[in-house]
Amino acid sequence: MSNIPKSKRAESKLEALHRAYELRRKITAELMATFGYSQKKLEAHVQKMTSYVADPEEREKMSKAIRELEDGFDSWFIRRERDRVADFCQGITEHLRAANTIWPTYMSEFQERRLEMDRALICCNKLQDELQYIAETLPADKNKYMNIVLEVQAVFDMIKALRQADNRFLKNIKQ
């Protein structure tokens, strides 16, 4: 155990990996909660779509048809997006873990470590894009997505900083 208070310690090189695992847990919880899908927002959408129909009976028929279409689409969409988002979250931790297992002594090892970090960054970008798309497509709480996107950005920034700090290896690399 260190005698240095936690607040004064330098950030661990594995901190990015720990944050990525934490992010993955949070996103998994959201995936289990169907991406913040809201029946209330769906009903507001249906009402907006049918507001121009004057006949109450015709409006109800149209509302029912829209609900059935939306329900089928949302079920398919949520299932598909869950898999994609889970894969991107897994990719971040997978590539970051792979990078952290490489302690370079040769240029090829340095490049492989850097490549793994690049792959983790790519997964972060893909995850942000996918979350943005989901937030725009589903009748859901956009604030939940914004908080997650900000956390993804924080992990991205930590990986970039770790990647930058890896330049310390260059002076000891064997050609």
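Reply: Start with burial. Buried means under 20% relative accessible area, exposed means over 50%, and partly exposed lies in between. Keep in mind that this is a predicted model. Now take Glu112. Its relative accessible area is 34%, so Glu112 is partly exposed.

Me: What about Arg119: how does it count at 32% relative accessibility?

Reply: Arg119 counts as partly exposed. The side chains of Arg119 and Glu112 also meet in a salt bridge, at 3.8 Å from N to O.

Me: How many salt bridges does a search of the whole structure find?

Reply: The search finds 9. One of them joins Glu130 and Arg84, with the closest N and O atoms 3.2 Å apart. This pair links distant parts of the chain. Glu130 is in helix H4 (residues 107–137), Arg84 is in helix H3, and 46 residues separate them.

Me: Is Glu130 buried or exposed?

Reply: Glu130 has 10% relative accessibility, so it counts as buried. Arg84 is at 31%, so it counts as partly exposed.

Me: Which residue forms a salt bridge with Asp118?

Reply: Arg163 does, and the closest N and O atoms are 2.6 Å apart. Here too, distant parts of the chain are linked: Asp118 sits in helix H4 and Arg163 in helix H5, 45 residues apart. Asp118 counts as partly exposed because its relative accessibility is 24%. Arg163 counts as buried because its value is 19%.

Me: Now helices. How far does H5 reach from its first C-alpha to its last?

Reply: Compare the reach with the span expected at 1.5 Å a residue. Helix H5 covers residues 142–165, which is 24 residues. It reaches 35 Å, close to the 34 Å expected.

Me: Which residues of H5 are buried?

Reply: Among them are Tyr145, Ile148, Val149, Val152 and Phe156. Arg163 is on that list too.

Me: Show me one more residue, this time in helix H3.

Reply: Take Glu81, found in helix H3 (residues 56–100). Its relative accessible area is 0%, so Glu81 is buried.

Me: Which side chain does the side chain of Glu81 make a polar contact with?

Reply: That of Arg80, at 2.9 Å.

Note on methods. Residues numbered from 1 in each chain as written. Predicted model: local features only at pLDDT ≥ 70, side-chain atom pairs only at ≥ 80, totals over all residues. Heavy atoms only, no water. Helix = DSSP H or I, 4+ residues; strand = E, 2+ residues; numbered from the N terminus. Buried < 20%, exposed > 50% of the residue type's maximum accessible area, 1.4 Å probe, protein only. Polar contact = N/O pair within 3.5 Å; in protein donor to acceptor, adjacent residues only side chain to side chain. Expected span 1.5 Å × (residues − 1). Salt bridge = Lys/Arg side-chain N within 4 Å of Asp/Glu carboxyl O.
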